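Please read them alongside the sequence and the model.

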Amino acid sequence: MELLSHLADGFATSLSPLNLLIVILGVTAGLFIGAMPGLGSVNGVAIVLPMTFIVPPSSAIILLAAIYYGAMYGGAISSILLGIPGASTAVATTFDGRPMAQQGKAGLALIAAATASFVGGTISVVLFTLFAAPLADVALAFGPAEEFALVLLAFTTFVGLGGDDVLKTIIMICLGLALSTVGLDLISGQPRLIFFDEPGFFSGISFLVLAIGIYGIGEVLYTIETSKSAPTVTPAKLTFADLWLGLKEVNKLWKTLTFGSFIGFFVGMLPAAGATPAALMSYGLSKIMSKEPETFGKGNIEGVASPETANNAASTGSLLPMLTLGIPGSPTTALLLGGMVMWGLVPGPMLFIEQPDFVWGLISSLYTANLAAVLVNLALIPLFVWALRMPFTVLCSIVLVLCIVGGYAPSQKIHDVWLIAGFGVAGYLLRKADYPMAPLVLALVLGPLMEKSFRQTLIAEQGNVLAFVERPLSATFIAISLVFFLLPLLKYAKKSSRARGASNEPAK
Amino acid sequence: MLMADRLIAASIMALSLYFMWHAIELPIGWNGMTGGPGGGAFPFWLSVVMFLCAAGILIRSLRGKSNYSGNFFDPETLASVVSVAIALIVTIGLIPWVGAYVALPLFMVWYLKIFGKHGWTLTAILSTATPVFLFFFFEVTLKILLPKGMTEPFFLPLYARFF
């Protein structure tokens, strides 16, 4: 009951004319950004974040969340019409979306994607509403030791579950954490890592600078390569008959959609997993459960609906640990977290007590954003078809200019713009060499919390390192971290023993 | 690809050493007074881990266990990426000197007309509309002044009009 009254209060915030307008603007912008091949929610949030000073913080986060949501819907549009995923999260949508479009059923596929996204979004927002307050209550008991253990756990999920090269993942985590220490020492206040004695480094390296560099400039450099040839847009006609048929078809898929939503929500909570693996898992699972698995990949509507449900649910899922624990579940939510800190709001359990208006306003805005996204998506399909014909160079030039200005605006130092260019080029090269970017951004955002909680614990315990394992909760987190950390080693040992076994066999 | 992998690993090793060299300016060991590590410990030991991992990648690659093949860059991509990067650097270098409202339109003209091979109409519309939008969004609405450099005097009448 208390939950409902909180939610009702939240709706009073999110249904205010300003916030309603912001949600509609946000999802529309997000849909466009998501629909552009190469640009996804993380790029959209990184580029738009510096411009959110225009509205108060509570509206700014609603705007960013709406962009996040819209981009998740939008990713499907280019997956279906171009056969190129609009964002990595929509990769699985191309498997069946593209064949459907080639069979002339592009309109049906778009409707299925939009309604499936809506179902995934709605189920996950309800789950979010149910879990948020209890999780925040648990997190209230966290001291610095638990905080440190939790951050450690977030990083080890990348090592154990990330799927990238383990050495490269660890390098990116360490690099992000090391970059987060630039500036003034948290405890003693002494300057450290002031490269070339540049005064600009005294204020540290902002997460925004790294994010705009990597997800703005780096992304554009990366797409220059992949977008050399102009893609062909499959025309999509949309009639009310199609809409009716689409809704009827999706209605039959309730089992897939429910599964997809739950998978998406829980996988999305893990920092290393998120929307892309959630969508792939959901696709795989619906194929296994299907009575006719051989039709998957050949234009099965279920193959469009199941990944789209999961990636939307995952985007909500990754907001949960960010808001309740202060640990983001994805790069995009890491940027939202950084933005909140910039506006003077500290995500975590205290937020639920100190700023209930803000928290419940945000949660209720997820409901309105979800509804707005499906309506705007369906209404503007002809516009997206037109926008996708836009040459990539036009988009890139605008994105690059926005990166430069957006990088300058928050601090008003040209130093930051140089850093953005540097991070952009370095990020591009590292990404080409298969270094994962998500752990780097998460590490820079979480670095200060990790160092502060580690050192606070040790100061409080007079340097007793065992303090981390003496408290039951933090000991549990550290134990799980250890498992994640050892997972790749185990895999490696198994593989090499098997390889040895195979090479020994002929000798027998 | 193999070469690029090694070069990047070696650069990361060099970067870690540079970080360590900076980090030792503050105590990197245990601080007996307060309990816990000193101010330089966090960056120093993280850089050590980074160095070791990069060394691991380098050794792995030298022992031929890397599973890369093909070129890191094809010549055409390299040319486009390098030219965009240079254009960016020139633009950022120009901003403090001739101001954002000259440097950014110049960049857009270069990008759209020369790099993107678009027509003059599109180039002219976009490279005029973008700075006008930026002016009204950042300067008029957000009161964030973008650098103007030597073009500052030309903006005085505009300031008088909008502030």
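This is a predicted model: local features need pLDDT of at least 70, side-chain atom pairs count only at pLDDT 80 or more; totals for chains, interfaces and linings use all residues.

Which residues does A:Val441 touch, not counting residues up to four places away in sequence?

1. A:Val441 and its partners. Leaving aside residues up to four places away in sequence, A:Val441 touches A:Gly176, A:Leu210, A:Ala211, A:Ile214, A:Pro331 and A:Ala334. Among these partners, A:Leu210, A:Ala211 and A:Ile214 fall within the range of helix α9 (207-226) of chain A.

2. A:Val441 and A:Leu64 are the residues with the most contacts inside the largest nonpolar core, which has 214 residues. Domain 1 (2-62) and domain 2 (75-162) of chain B both give residues to this core, so the core lies between them.

3. The domains of chain B. The assignment divides chain B into domain 1, covering 2-62, and domain 2, covering 75-162. Their C-alpha centres are 39 Å apart.

4. Make-up and extent of chain A. Chain A contains 23 helices and 2 strands. Its radius of gyration is 23 Å, close to the 23 Å that the globule rule gives for 508 residues, so chain A is as compact as a globular protein of that length.

5. Burial and contacts in chain A. Of the 508 residues in chain A, 60% are buried. Among the contacts in chain A with a separation of 6 or more, 79% are between residues 24 or more positions apart.

6. Two backbone angles to check. Most residues other than glycine have a negative phi. A:Phe196 is not a glycine, yet its phi is positive, at about 50 degrees. A:Asp197 is not a glycine either, and its phi is positive at about 55 degrees.

7. Where these two residues sit. A:Phe196 is in the loop of chain A between β2 (191-192) and α9 (207-226), and A:Asp197 is likewise found in the loop between β2 and α9. Are they buried or exposed? A:Phe196 has 6 C-beta neighbours inside 10 Å and so counts as exposed, because the cut-off for an exposed residue is 12 or fewer. A:Asp197, with 7 other C-beta atoms within 10 Å, is exposed too.

Note on methods:
Residues are numbered from 1 along each chain as its sequence is written. Chains are lettered from A and ligands numbered from 1 in the order in which they are written. Domain bounds come from an automatic or database domain assignment. Helices (H or I, at least four residues) and strands (E, at least two) are DSSP runs, numbered from the N terminus. The radius of gyration is taken over C-alpha atoms; the globule rule is 2.2 Å times the number of residues to the power 0.38. A residue is buried if 20 or more other C-beta atoms lie within 10 Å of its own, exposed if 12 or fewer, and partly exposed in between; C-beta atoms are placed from the backbone. Two residues are in contact if their C-beta atoms, placed from the backbone, lie within 7 Å. A nonpolar core is a set of buried Ala, Val, Leu, Ile, Met, Phe, Trp, Tyr and Cys residues joined through C-beta atoms within 7 Å.
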